[in-house]
Every structure is written in C-alpha cells, then in structure tokens.
Amino acid sequence: MKMNRRAFIGSLATGAAVSIHAGGADAAARRVIIVGGGMGGAALAKYLRLWSNKSIDVTLVEPNATYVSNIMSNLVITGQFQRASLNFDYASLVKKYGVKVVVGRVTGISDLVGGVREVTVSRGGATSILRAEKVALSPGISFSPVARFGSGDVVPILHAWVAGPQTELLKKQLAAMPAGGRFVLTIPKAPFRCPPGPYERACLVADFLKREKPGSKVLVLDENPGIVAEAENFGRAFSQTYRGVIEYRPGTKVVGVSNNNKTLRYKSVTATESDPYLSVSAAVMNVIPPNRANAIAQSAGLTDLSGFAPVDVRTFESTIAGKRGIHVLGDASSNTGLPKAGHVGNQGAKICAAAIINKFDGMAVEKSPVANSACFSPITNTKASWLTAVYHYDVDQKKMVVKAMSNGELVPADPVEAAQPTAENFAQMKIWYKVLMSDTFA
C-alpha cells in the first residue's frame with residue numbers, strides 16, 4: 001500500500017476525533033491534578049488548558065524536571081542520536097498554557113470526599129497536599145521481578161526500557177563488547193511498552209555489531225509466539241538483512257538471571273516446571289522484564305490481576321469499584337484495545353482531555369472516539385520502516401479496534417506497515433519525532 005507521506009506526517013499532530021465544549025473564561029474554577037509528565041501526562045495538561053480556554057486549573061506532578069523520551073532511545077544506544085535529543089522540559093506548558101508544574105513524587109491519593117480528592121506529594125524531604133475535583137494518572141511502567149541465581153553481589157538487570165541512565169549504560173556496554181561476543185535480548189509477553197521497540201533494538205544492535213564488532217551475534221529470546229508488531233519488515237530483517245547475526249527464538253521464557261548478569265536461564269513457554277532449563281551466557285545481557293503499571297497506580301488500588309489499570313477508553317476513567325473520577329492513561333492503562341506507545345499516549349490524552357472538559361461542563365462525553373497510531377522503526381543506521389493504524393471505538397467490544405474504509409463503510413482492518421525500509425523513511429522519521437514531541441511539550 002502506497003502512502004501519502006506528507007499527509008501521514010501532518011496527521012500526527014492532529015487530535016483524536018472527539019467533540020468538546022470549551023468552557024469560557026468566566027466558567028467556575030475546575031481543578032485537575034495530573035500524575036506523571038510523559039507523553040500522556042504532558043499532552044493531557046496542555047490540551048486541558050488549551051481546549052478549555054484556560055478555565056481549568058491544571059497541576060502536573062512529575063518526579064523529574066526533564067522528561068527523557070523512550071522514543072528514539074535505541075538510536076542513542078547505538079550512538080546515532082545524542083542523549084540530549086531525548087530531553088524535554090515543561091517550560092512551554094508553564095509559560096504558554098499556564099500549567100502548574102510540581103517536581104515531586106506522589107505517595108498517596110485519597111478517596112473522594114465532598115467531591116474532592118487529596119494527592120500527597122513528597123519533595124525535598126517534605127510532604128504537601130494538593131486538592132482537586134479530578135485526578136489523572138499517566139505514570140508509565142514498572143517491572144515484575146526476575147528470579148536471580150548464583151553467588152556474589154547482585155548486579156541490577158539492564159533493561160533500558162525506561163530511557164535515562166540505563167540507556168547510557170547499555171550504550172557503554174555495547175561499545176565495550178568484544179568482537180565475536182554475544183548480545184542477548186529478551187522480550188516479555190505482551191502487553192509491553194512500544195510493541196516494535198525490542199525488535200527495533202535487535203536490528204540496530206545487529207547493525208552496529210556488523211560494522212563495529214565483526215563475528216558478534218544477537219540472540220533474541222521472545223516469550224511471545226512470534227513478532228508482535230511489523231512482523232513482515234522485522235521478519236525480513238532477521239532472516240535476510242541480519243542473517244547469521246540475529247538468532248530469533250520465539251516462545252521462550254526467562255527463568256532467571258545470574259547475579260552478575262552474565263548468564264541467563266530460559267525455557268520454552270510450553271515446558272513444565274520439571275522440564276530442564278536451557279542456559280546461555282553473554283557479553284551483554286539486555287533483559288526486559290514483564291511490564292506492569294507504575295507503583296503509584298498499584299498502591300492507589302487502580303490495577304487488576306493483569307498488573308495494569310482497567311479503564312473505559314471513551315474517558316480513560318478507572319473501572320475499578322470506588323475509583324470513578326480517577327483517569328489512567330498511557331502505558332499504565334488496560335482494556336483499551338490501544339497499543340502502549342508514545343504516539344498513542346498523546347492521542348489518548350486528547351480523548352481524556354475532551355471527556356474531562358465535557359464532564360465539567362455537564363455534557364455527554366464522545367460515544368465513538370477515534371485515535372491514530374503511528375510510528376517509525378529504524379531497521380538499519382540509514383533505513384526505517386513505519387506502522388500506522390486508525391482506531392475506532394467498537395460498541396460491542398467496548399474497546400478501540402483498527403478499522404478502515406471499504407466500499408463506503410468502516411470495517412475491521414489490520415495496521416498497515418511500510419512495504420520495506422527506506423532512507424526516505426529514515427528522514428521522515430526525524431520529522432515525525434519533532435512534530436509529535438512539539439505537539440506534546442511545546
């Protein structure tokens with residue numbers, strides 16, 4: 001399928017298809033506290049202020065003064081992008097939109113009393129209480145524990161799945177890896193943040209090793225039965241572009257990691273407890289543990305047995321009993337039908353913003369929201385592919401599903417990926433990133 005790339009890039013900054021009633025400047029004060037300033041939280045803060053004509057008081061609480069983008073972080077690991085290209089602050093949200101930013105860590109969220117919730121914030125050893133009619137969380141992910149074995153001091157598992165210090169550490173370990181060494185990458189069972197991300201990382205690491213570390217190998221142990229995103233392009237990359245460099249083993253589950261992070265035990269997902277495990281050693285061990293919602297969502301009682309927070313995707317409001325009025329979006333949410341990805345976090349924030357504004361104004365929320373999902377994936381150091389989809393709310397399934405127009409009506413469809421990686425896509429990827437981050441933080 002051939003795409004109009006200019007239209008594709010331009011559409012990334014547009015909001016999800018929703019209807020809102022923007023309150024006027026004389027509207028009664030309404031307050032929202034947002035926990036987490038990533039792709040979802042920052043976009044929610046911006047669009048609550050923008051679409052309400054600044055009639056909603058918005059406070060954004062975030063532990064760090066600077067957000068480090070997970071998008072493009074794989075290119076930092078291989079040295080093509082600088083770490084600074086991942087950094088975004090909240091200056092524009094404050095100056096242009098009047099968002100109040102509090103640098104601190106949320107330690108508690110109270111139950112609703114008198115129409116108001118209290119949010120406890122810890123900063124600099126002191127605590128303070130913030131109050132608002134509505135609270136929204138976009139806290140990101142945390143990780144389920146991975147079993148350890150062996151003796152000696154326990155070295156932290158290197159996942160680099162939250163961009164920042166581990167990104168730099170993985171970059172250094174890759175650069176120091178000896179020629180002929182083995183890089184082991186493990187992929188947890190879906191859902192996890194950025195479905196194409198692990199496969200993209202495998203490709204970029206393999207590309208780096210081909211050029212810089214002759215004879216080195218990449219072993220990919222995937223707990224899923226197969227590649228979960230862009231299967232055609234990544235499948236060709238594994239079997240053709242990086243033939244003899246990447247070994248891909250689907251259906252394999254991590255059993256444990258040695259204390260020194262140099263040996264890994266794994267089994268087939270169909271193996272029993274009594275079946276023997278297999279073992280592999282590596283010069284660099286990159287283990288991505290199973291993902292779950294960040295700890296604050298868990299401690300606030302917003303998660304279920306999946307480890308994520310179930311929500312009504314039309315509003316991103318929690319469906320947990322007693323938690324109505326708390327919205328959870330981005331990677332921490334579940335039951336939405338949407339992938340856990342940066343562009344989707346931005347889109348979900350717009351759906352949530354519209355719903356909150358309409359609720360404050362006493363109006364019905366949008367019954368059939370629409371969201372775009374788009375991303376580029378570098379396959380080599382000069383070529384990239386892309387994946388795009390349009391999600392529509394399905395009344396029967398009560399979640400977002402991919403649909404496309406056929407013979408004048410919307411029908412279920414699959415995401416569309418690029419026919420092949422190209423240099424043009426690599427150039428367009430940089431524009432896409434700039435537009436998306438500007439739409440979120442500028």
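**View 1. The buried residues of helix H2 in this predicted model.** Buried here are Met 39, Gly 40, Gly 41, Ala 42, Ala 43, Leu 44, Ala 45, Lys 46, Tyr 47, Leu 48, Arg 49 and Trp 51. That makes twelve of the 13 residues of H2, so the helix is largely enclosed by the rest of the structure. Following H2, look for Asn 53, whose phi is positive, near 55 degrees.

**View 2. Trp 51 in helix H2.** Trp 51 belongs to the helix formed by residues 39-51. Its relative accessible area is 19%; because the cut-off for buried is under 20%, Trp 51 counts as buried. For a sense of distance, pick out Tyr 391 as well: Trp 51 and Tyr 391 are separated by 340 residues in sequence and by 22 Å in space, C-alpha to C-alpha.

**View 3. Helix H5 and its two faces.** On the buried side you will find Gln 166, Thr 167, Leu 170 and Leu 174. These residues cover an arc of only 105 degrees around the axis, which puts them on the same side of H5. On the face turned away from the buried side, H5 carries the exposed residues Pro 165, Lys 172 and Ala 176.

**View 4. The surroundings and span of helix H5.**

**View 5. The largest cavity and its lining.** The count of cavities of 30 Å³ or more comes to two, and the largest holds about 100 Å³ of space. Around the largest cavity sit Phe 316, Gly 330, Asp 331, Ser 333, Thr 336, Leu 338, Pro 339, Lys 340, Ala 341, Val 344, Gly 345 and Gly 348. By residue type, this lining divides into five nonpolar, five polar and two charged. Helix H9 (residues 342-360) supplies the largest share of the lining, with three residues.

Key
Residues are numbered from 1 along each chain as its sequence is written. This is a predicted model: local features need pLDDT of at least 70, side-chain atom pairs count only at pLDDT 80 or more; totals for chains, interfaces and linings use all residues. Side-chain values use heavy atoms; hydrogens and water are left out. Helices (H or I, at least four residues) and strands (E, at least two) are DSSP runs, numbered from the N terminus. The expected span of a helix is 1.5 Å times one less than its number of residues. Buried means under 20% relative accessible area, exposed over 50%, partly exposed in between (1.4 Å probe, protein chains only). The arc is that of the directions from the helix axis to the C-beta atoms. Contact means heavy atoms within 4.5 Å. On a 1 Å grid over the protein atoms alone, a cavity is a set of points where a 1.4 Å probe fits but cannot get out, and a pocket is an open set with protein on both sides within 12 Å along at least five of seven lines; lining residues have an atom within 4 Å of a point. Grid points are joined across faces, edges and corners, and a volume is the space filled by probe spheres set on the points. Ala, Val, Leu, Ile, Met, Phe, Trp, Tyr, Cys and Pro count as nonpolar, Asp, Glu, Lys and Arg as charged, and the others, Gly among them, as polar.
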